[in-house]
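Here is a short report on selected features of one model. Look at the sequence and structure, then read on.

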Amino acid sequence: MTQSIKLKVNGREVSLPFNDPDMPLLYALRNELDLKGPRFGCGLGQCGSCTVHINGEAVRSCSYPVSSAKGMNVTTLEGLGTSVKPDVLQQAFIDEQAAQCGYCINGMVMQAKALLNKNKKPTEAQIKEALSNNLCRCGTHQRIVRAVQRASGQLV
Amino acid sequence: MSFLTKSSPVQVDTSKPTNLSRRSLLQGAGSLVVSFSLAPLSGSVLAATSSTFNSVKSVALDEVEGFISVNANGTVSIFSGKVDLGTGIRTAISQIAAEELDVSLSQIDLIQGDTLLTPDQGPTFGSLSIQNGGMQIRQACATAREALKSVAAKEWGASPSDITTKNGACYLGDKSLSYVVLVGMQPLKMKSDAKVTLKAPANYAVVGKSVPRLDIPAKLTGEFTYIHDFKLPGMVHARVVRPSNLHASLISFDDSEVTKIAGFLQVVRDGNFLAVVASDEWAAITASKKLKVKWSEWEGLPQQKDLWTYVRNSKIAGVEDLQKVGNTQQVNLEGAQTVEATYDFAIHTHGSIGPSCAVAQWEDGRVTCWNASQQTHLLRKQLAQMLKLADDQVRCIYIDGAGCYGRNGHEDAAADAVLISKYVGKPVRVQWSRADEHGWDPKGPPSLYDYKGSIDKAGRVISWESDAFIAERPKQISVTLLAADLAELPREVAHPGNIQQSLAVQYKLPNIRATAHYVKDTPFRPSWIRTPGRMQNTFGNECFLDELAAKASIDPFEYRLSYLDDPRGVECIQRVMKMANWKSAPAHSQQVDKAKSDIVYGRGVSYIKYELVRTYIAVVADIELNKKTGVVRVKKFYVAHDCGQIINPDGLRNQIDGNVIQTVSRTLIEEVKFNRSMVTSLDWASYPILKFPGVPTVEIELIDRPNEKPWGAGEPSAAVVPSAIANAIYDASGVRLRSVPITPAKVLQALKAVKSAKA
């Protein structure tokens, strides 16, 4: 690896090496930092499985060049909580049993988290709109919406 | 140039003994397994890191030890040939085992789909994981429990019937002996007893409860290991460079650009199979894009607009009468009305959110392959055939992937990985791209139906004839491995699944003929996608019955009920009628000319007794249709569901939600697009699926029958969705939509045709 950048990932200062500045951030997170939250789904920014937060915004890490992440504050699913101590949104997904294969769930949580950071009590329509570019093939949509409602204190 | 010829794969020496002690997975044979402790969920992954080949335990289907090991730490390992494809059977099968063994759920460690460790319970398809796989495990666990009781009884000089079991121990009064101790006295070396006394459902503590799924917390926090996350020391990354068309030959390639890429290692070519290998993943991706390749031209696909003519005119491999009742040729048609209709159902792709992935490693002439195959045992056979190895020289180990909903690209990625790894001599990870998955995973084949039915003056059915044009079914239940095809290695012909099922009519009609015409040529490798054939056949059958009911001016549920004498089917329909507050009336009798606005509403019904022998489903679909735009929105689905004994009600609801929502997507939107050479719908923009705003509400009523057999639920509730939607569209508009996907263009065309017919 010929170059590297410094950035913060889940609150920790890290150095990410790369050969190609255009390499998507996703590969650095998964292969250099061994993070398993962000997932490869399409590489086209169409499905949302790879979503992370960069400076608080939900971003598709499959199409975000690693070099652009210099000095940024990146949060992945792992940065929210653990299975022993989950974050309120992760806990809501667990309570609603809102996953089947779970491959898309990283994106659902990170996208919904970004929504809740801006809108504490989103309506059902707002939740669906916010998640409309996150694809789920198993058909877990209803539970995912309920989990976001639950996390925002709007129990259904 | 790093091109490797076919004659220079890694040299392997098969004469050396396998390195047995490299990592001893299970120490010692017998059912007492010592020094082997697995945390729940990590079990299969830990097992997965061993590539040993020596037989460490029985994998016999008829032996208790095939399925069960009592471990020294008090846990019990359950070895399941059926795997959790995201449907929750890891939890459900653990519940079944814990219940029957009388151990706590946390004591169960489920190991799935490892050809060295788990019995071959058949592929995880056909809604059979609980019904067949789970029941084999239930029987083995009951046999083990009774055997353990006998050992304790002998020790205490008591009768086995006096012994009770709880939390992994046998009890008599204040005496107790743990299973670990009992198994140490007498290993569980016995046949699984088909006549063993199973626990009475009234005494169930774990089965029938909505136990939270064991895998979900880790999936929510990034702690779960999918195959995509699996890494081996020294592993390199490969990408397959796909041909420019379905049947291209590789003419030449130029790697002068890719050799400049930092991390690039080599090109692998075997016939028309072409791959690039690199030390890091992005270098492999970059190399796959920069490799200059010349492929031969090929334009053998039909024009998409002529697909149904192509299917109808294809060579027929065989004709099979699936059902003959009475004689449709000798009915009295005096005063009768005859209805004829043609239905079709498009080519679909599986659309897994995570493209297929596999890791392979060769060692001493044998290969281990880790992937998310729904059929590790069948895959092992196919890989062995392709590689000209004996079955036991190949080990396939399941690690969860993205949902596959049938035979998608997982097995092909496995074949890619073992082939590339053979050339490279290192562990290789192959990750498919989105275009690989959309373009090259095998497809659900096109289905075409001709129906002819007659009703008498009273509206009663006199005769029913169906002719289905569906993909040929070779004897072997597998789908050709893509790598074997490209490299021209030994392989089988693709099989589409048992797609003739559910074409036979589930109602007591006087004269029936249901005939399958097996089409020799389908445009793409055919395979099974959730509810294969049953969905398409039920679309035709349940829509056409609706046509006859409408012609007879009889309420569609009443019409169905009048031909049913199965009490469970009748109850299922009655339950959904009540749930949906069904108002009895012939379809489209209440909406006529009522709606002046562009938006019209309708309700459609459908019913199935799956494959005529198991799970009952009745549904009502509520839709709205915009007559101006042709857009159909499914607002709500009511589902009454009877699959017998329910293992995990919440898990079942999750599955039914998924079946309905996924199938609404397939019904309204999905269709593989192609030109004369190749699939052209290679991403989510060109092959879209349903998004959040379009998702209906699904309301479910489960009919639990704890004393009945548990039947499958992975597919049946999907079967009824397309027909219920099409029937609802008729109710709303008076227009029959007989072609899936039901696109706005087709709706507008059908509305226009009806309007001009009236004029």
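## Thr342 in chain B

Thr342(B) sits in strand E14 of chain B, which covers residues 337–345. This placement comes from a predicted model. Is Thr342(B) buried, exposed or partly exposed? A residue counts as buried with 20 or more other C-beta atoms within 10 Å, and as exposed with 12 or fewer. Thr342(B) has 14 such atoms within 10 Å, so Thr342(B) is partly exposed.

Which residues does Thr342(B) touch, leaving aside those up to four places away in sequence? They are Tyr449(B), Asp450(B) and Arg738(B). Another pair to check is Thr342(B) and Ala726(B). They are 384 residues apart along the chain, and their C-alpha atoms are separated by 14 Å.

## Helix H13 of chain B

Helix H13 of chain B runs over residues 534–551 and has 18 residues. From first C-alpha to last, H13(B) reaches 25 Å. That is close to the 26 Å expected at 1.5 Å a residue.

H13(B) is largely enclosed by the rest of the structure, because 17 of its 18 residues are buried. After H13(B) comes Ser553(B), with a positive phi near 55°.

## Where chains A and B meet

How many residues of chain A are in contact with chain B? There are 50, and they meet 52 residues of chain B. On the chain A side, the elements giving two or more residues include helix H1 (25–32), helix H4 (105–118) and helix H6 (141–151). That side of chain A divides into 20 nonpolar, 22 polar and eight charged residues.

Technical notes
Residues numbered from 1 in each chain as written. Chains lettered and ligands numbered in written order. Predicted model: local features only at pLDDT ≥ 70, side-chain atom pairs only at ≥ 80, totals over all residues. Helix = DSSP H or I, 4+ residues; strand = E, 2+ residues; numbered from the N terminus. Contact = placed C-beta atoms within 7 Å. Expected span 1.5 Å × (residues − 1). Nonpolar A, V, L, I, M, F, W, Y, C, P; charged D, E, K, R; others polar.
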